[in-house]
Amino acid sequence: MDEPLIFERSRAGRKGYSLPEEKLRTKPQDVIPEGLLRQDIKGFPEASEPDVVRHFTRLSQWNYGVDTGFYPLGSCTMKYNPKINEEAARLKGFALSHPFQPEELSQGVIRLMFELSQFLAEIGGLDAVSLQPAAGAQGEFTGMKVIRAYHEKKGNPRSAVLIPDTAHGTNPASSHLCGYQVIQVKTTEKGVLAPDAVSQAMTDDVAGLMLTNPNTLGLFETNIKEVAEVVHSKGGLVYCDGANMNALMGIARPGDMGVDVLQFNLHKTFSTPHGGGGPGSGPVAVKKHLRRFLPVPLVVKKGTKYALDYKLPDSIGKVKAFYGNFGVMVRAYAYILSMGAAGLKRASECAVLNARYLRERLIPYFDLPYDSPCLHECVFSDNKQKEKGVTTLDMAKRLMDYGFHPPTIYFPLVVQGALMIEPTETESKETLDEFIEAMIAIAKEAQENPDIIHSAPHKTKVSRVDEVKAARELILRWTPKAQDHKIVK
Amino acid sequence: MRFLPHTEDDIREMLGAVGAGSLSDLFSHIPSHLRKETPLRLPPCLSEQELLLHLSALSGSTAHSGSFISFLGAGCYDHFIPAAVDAISSRSEFLTSYTPYQPEVSQGVLQAIFEYQTLVCQLLEMDVANASMYDGASAAAEAVLMAGRITRRPKALLSRALHPEYRSVIKTYCHGQMEIEETGLTKGGLTDLLSLGRLADGTTACVVIQDPNFFGLIENLGEAETIIHRAGTLFIVAVAEPISLGLLRPPGSFGADIVVGEGQPLGNPPSFGGPGLGLFATRDAHVRQMPGRIVGQTVDKDGKRAFCLTLATREQHIRREKATSNICTNEGLVALRSAVYLSLMGRQGLRRLSEIILDRTELLKKKLKRIPGLSFPFNAPVFNEIVVRMKRSPEKLVSALLKKKIIAGLPLRRYYPELKDCLLISVTEKNTPEDIEALCKALR
């Protein structure tokens with residue numbers, strides 16, 4: 001039961017398109033020089049509509065989504081994606097409007113963006129929002145650019161940024177893209193940032209600190225207010241990666257903790273679908289004094305009219321053409337209106353309850369490197385199972401045989417063999433109990449029958465994939481000749 | 001709340017299991033002065049029916065290409081999307097899945113993206129493509145940074161006929177990292193190759209030219225390539241309307257080193273400007289400097305063909321600050337939609353579609369030429385967009401035509417002060433001959 005590539009399904013002369021049959025008046029070679037015309041699109045498929053639909057339908061059956069089952073990826077917040085959001089995004093005024101149409105014709109969509117900005121500012125405890133960044137990483141980049149612009153305006157951009165060792169890889173990558181050197185700050189054995197560690201590293205040459213709260217160990221940064229004071233005292237700014245906001249909605253707000261800049265991930269906290277790798281949306285919220293540096297245009301309200309304001313002379317410019325991933329914003333907006341303040345708070349409470357419950361039930365079987373109370377996610381390691389030669393990778397693959405998508409593995413880096421589990425609030429107790437049973441079964445197998453774990457997965461479409469070979473013999477596209485276009489190292 | 005399964009009994013049982021008395025106990029370790037005592041100030045929650053009513057009102061008060069005849073383009077193009085594209089992309093196995101880091105349970109997405117990468121290479125005639133970037137503008141910015149890494153040169157040269165928002169994004173990304181210069185334009189609206197020849201030197205990492213350019217004009221990529229490579233610079237081409245490649249010779253065949261583009265026109269709605277799709281392709285020699293995710297072909301333990309993400313050592317989750325880019329989430333579902341769209345259109349369909357568009361553009365040109373008071377500042381061949389000069393203010397004209405439910409085009413004053421009396425009019429296959437006649441009638 002395999003599905004060839006669409007190019008392998010292709011047959012010359014098959015048609016999958018429908019276009020008007022009208023006779024055309026223009027011959028391309030009459031208006032465009034021959035040398036600029038294309039003869040053919042070599043290798044492009046020719047398939048009927050049934051061929052194409054069957055092809056992609058079969059592929060979809062070999063893919064696991066949140067609608068298929070539990071997807072406990074830490075820091076990804078794989079919560080249920082409401083179906084009404086899909087209907088919302090398809091409304092014609094949203095789907096078929098052009099970003100350059102006159103503002104007077106776009107009051108509905110600009111109003112949506114304005115209100116979403118306000119909701120996010122309220123949830124994060126900050127003042128001004130840009131919806132332009134297309135994903136969390138672009139939000140981090142935008143936020144760090146704002147911080148750099150702030151320092152440049154004061155006459156010295158400074159040269160470094162402090163980042164804890166628990167940070168997501170996008171944090172140092174985004175800082176580097178802004179021209180900053182990364183100085184790593186170690187978290188304590190309690191798994192959080194300590195004010196004196198930050199104090200030691202914080203100088204007049206440090207632009208700021210990038211942290212995540214709760215951090216990637218699922219722990220609340222209890223010293224965040226003191227840490228922020230240390231950074232501010234030396235003229236620096238505090239950036240918070242809001243990827244883990246699902247733990248805090250209505251409970252606590254980064255803006256109240258001394259945070260100056262925060263990015264949200266609409267495709268995490270706010271239920272928009274992950275789509276196999278996007279589209280996402282990473283709005284950035286800032287304190288009042290940083291509003292002037294945000295990307296243009298800002299979405300504003302003038303009396304009863306909504307507008308796009310380009311008059312921001314200190315703006316960092318643009319990070320994306322047009323205004324951001326509007327289609328994703330529609331879904332997040334719909335979600336926030338569906339939940340309301342009480343619903344969002346309940347979501348965070350249940351997200352934390354679910355993670356705490358999993359943690360409690362799994363402690364007897366798996367090593368827990370940090371024993372502080374977790375929020376919406378918990379991190380275990382493979383220390384107990386390594387004695388029998390079973391690794392986190394092996395266990396992740398074996399979980400697939402039990403019908404679950406594995407948690408995040410080998411992240412954060414401060415934990416060897418990390419297994420980061422984030423259940424989210426949309427999972428029922430029964431699902432969690434089934435997952436716990438599977439994990440306990442695997443822990444048992446690790447003791448009694450490790451081979452079955454080493455050789456996992458057994459019940460999936462393909463057995464364990466040779467990722468080493470994939471990197472050594474690069475085949476990154478199909479080609480007609482023997483379907484190999486190898487770039488061998 | 002229908003998205004939350006927990007009953008009061010569930011909550012009680014689970015609180016008992018973790019030794020907490022109430023839900024707020026779960027947060028007791030958060031310093032009390034940091035906890036929010038009052039509820040968030042958000043509107044009251046809406047039922048599904050009320051929500052749809054509210055959203056329909058917002059949608060209803062927004063014009064769109066179904067309620068107005070629109071001739072807007074300028075980097076966002078409204079094409080007909082076959083029904084099968086939505087049908088496939090709304091399958092929840094695709095829609096609700098995550099980035100395919102666990103290949104054994106993600107072969108669907110992985111194979112689809114491998115096909116997408118191949119289709120992009122074929123369309124652009126390049127060696128290797130990534131799994132997508134955010135949009136054409138940020139893809140162009142990343143291409144410039146990539147050229148800087150490859151050549152170790154500090155400057156980038158952008159054509160002034162490159163989309164103004166692409167240039168803005170490139171400047172933002174490159175601020176503090178690379179110097180940006182712009183070429184001039186010829187009187188005919190094309191990239192001035194003489195100024196290009198003067199400006200491209202040993203300190204220039206790359207030259208970026210859009211084709212067709214922002215004014216819809218087809219650039220002379222062959223001549224540009226000679227000049228650019230003579231200076232040892234990398235040749236980057238940006239394609240804002242990839243449907244044009246059904247008819248036009250692809251950038252790869254002119255020797256481009258990196259090709260970026262906007263994939264939104266390939267099976268994705270305008271959606272008020274986003275999400276887009278950043279096409280990104282390069283030569284085999286540069287693959288290790290290419291940002292973004294890449295899907296590769298390999299085998300499983302039993303020797304069966306399988307797909308997985310590869311060359312992760314370029315990416316942020318492995319290399320962190322030494323990564324080629326910070327990109328993580330990209331435009332997976334949008335790329336999937338484009339793969340479905342291109343598979344349906346195929347070798348013959350894309351060509352036929354671009355011939356139809358060219359035909360409509362020629363029809364528009366012919367009719368506009370008969371209207372007194374209008375002139376054409378640029379005369380080079382175009383594919384789907386034309387610049388028209390007028391005696392009236394273009395802004396006032398656009399405003400007047402709204403009453404006839406026509407959005408006539410984009411006034412160029414905001415981007416090109418010397419063209420403040422000009423309008424950019426775009427055409428797709430959704431603009432019927434009747435629409436074109438209505439526009440021209442209204443312009444007389």
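The model is predicted, so local features need pLDDT of at least 70 and side-chain atom pairs count only at pLDDT 80 or more, while totals for chains, interfaces and linings use all residues. Residues are numbered from 1 along each chain as its sequence is written, and chains are lettered from A in the order in which they are written.

**The sheet of chain B**
- In chain B, 7 strands form an open sheet with mixed pairing, in the order β2-β8-β7-β6-β5-β3-β4; strands are DSSP runs of E with at least two residues, and helices are runs of H or I with at least four.
- Its edge strands, β2 (128-129) and β4 (179-182) of chain B, each pair on one side only, where pairing requires at least two DSSP bridges between two strands.
- Strands β3 (residues 155-158) and β5 (residues 204-210) of chain B run parallel and are joined by 4 bridges, and B:K155 has B:T204 as its bridge partner in β5(B).

**Helix α12 of chain B**
- Helix α12 (residues 394-402) of chain B has B:P394, B:V398 and B:L401 as its buried residues, buried meaning that 20 or more other C-beta atoms, placed from the backbone, lie within 10 Å of a residue's own.
- These buried residues line one face of α12(B), because they fall within an arc of 70 degrees when seen down its axis, the arc being that of the directions from the helix axis to the C-beta atoms.
- Among the elements covering them are β12 (385-390) and α13 (433-443) of chain B, with contact meaning C-beta atoms, placed from the backbone, within 7 Å.

Methods:
A residue is buried if 20 or more other C-beta atoms lie within 10 Å of its own, exposed if 12 or fewer, and partly exposed in between; C-beta atoms are placed from the backbone. Two residues are in contact if their C-beta atoms, placed from the backbone, lie within 7 Å.
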